[in-house]
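Subject: Structure handover

Hello,

Here is the structure I said I would pass on. Please open it alongside the sequence, and then read the notes below.

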Amino acid sequence: MVNANCSICNQNILNINSAIFIPQFKIYICNTEHNNIIFGKPGRSVSDKIDKLRRDHRSKYKLHILSLIYTLFQENSLEMKNWKKGKYGEVLIGNKLNKLGLKHKIAVFHDLSLPGSNANIDHLLIIGNSVFIVDSKNYSGKVKILNNKKNTQVQTQLYIGNNEQKRLVEQALYIGNIAKMNFERFGLYPNIINFLCFNNWKEGVFEGNIEVNNIKIIGQNLKYLKRYLKKNKENIKPSNKLIAITLKLFPVKTKF
Ligand SMILES: [Zn+2]
């Protein structure tokens, strides 16, 4: 008898002959149907950052008579407000993705570590044999795509309201590339699709196949994903192997 646990449901594997073994990672997957395929909690890293800010602050001003005023000041500081806004966005999108995940039985992951980087993956979906990486952003305004002509080249740029958001696209590209490298290190080449999701999308352009530098731009209604799931409904059952490998490569963040 082999003492092994399924890397998806953690149950002890009784019959090793019916389990799948992935030698690169030395992991097993049991042969039961996995229904609970939501992993992690949206906004976990951001919550930890907020807690840490508060803790650092408390230890710094513990004996200070003005501690209360400082606390009030800090809770309303721009830094804290931005973190809270970010958390709100991640939780909102995360909950919507969970709902979609439960309905269509696709695998949904939240707040994953990204080895080789300080960044994290906000949300990741496994649909069939594809990996969808979603970076959620709390920005409000109308989404615009403008084609700027630079010399002879036309460059597509993302605008939210009147502000160009080149940095957000670059960040999503960076996360996608590091994730891809992590898979490739083990000779794995899944189809990876990168998304930038705005939780306060006020229409503007039609939320369809909007792409900037291969990053798909979507809004809080997740219309693109809903359409995709409907269109590909025969092929959305997530690959167990890909779920197990994702859990191994990008561990779910837990509270320290
Ligand atoms: Zn299992």
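In which sense do strand 5 and strand 6 pair, and over how many bridges? The model is a predicted one. In it, strand 5 covers residues 120-127 and strand 6 covers residues 130-150, and the two pair in the antiparallel sense over 5 bridges. To find the pairing by eye, look for L124, which stands opposite I133 in strand 6. The two strands form a hairpin with 2 residues between them. In that turn, G128 has a positive phi of about 60°.

Strand 6 also pairs with strand 7, which spans residues 153-160. This pair runs antiparallel too, and 8 bridges join the two strands. Here K149 stands opposite V154 in strand 7. Strand 6 and strand 7 again make a hairpin with 2 residues between the strands, and N151 takes a positive phi near 55° there.

Now the domains. The assignment for the protein chain gives domain 1 as residues 1-32 and domain 2 as residues 96-249. Their C-alpha centres lie 30 Å apart. How many residues does each domain give to the contact? Domain 1 gives 8 residues and domain 2 gives 8 residues. On the side of domain 1 that touches domain 2, the elements that give two or more residues are strand 1 (20-22) and strand 2 (27-29). The residues on that side of domain 1 divide into 6 nonpolar and 2 polar, with no charged ones.

Regards

Key:
Residues are numbered from 1 along each chain as its sequence is written. This is a predicted model: local features need pLDDT of at least 70, side-chain atom pairs count only at pLDDT 80 or more; totals for chains, interfaces and linings use all residues. Two strands pair if DSSP finds at least two bridges between them. Helices (H or I, at least four residues) and strands (E, at least two) are DSSP runs, numbered from the N terminus. Domain bounds come from an automatic or database domain assignment. Two residues are in contact if their C-beta atoms, placed from the backbone, lie within 7 Å. Ala, Val, Leu, Ile, Met, Phe, Trp, Tyr, Cys and Pro count as nonpolar, Asp, Glu, Lys and Arg as charged, and the others, Gly among them, as polar.
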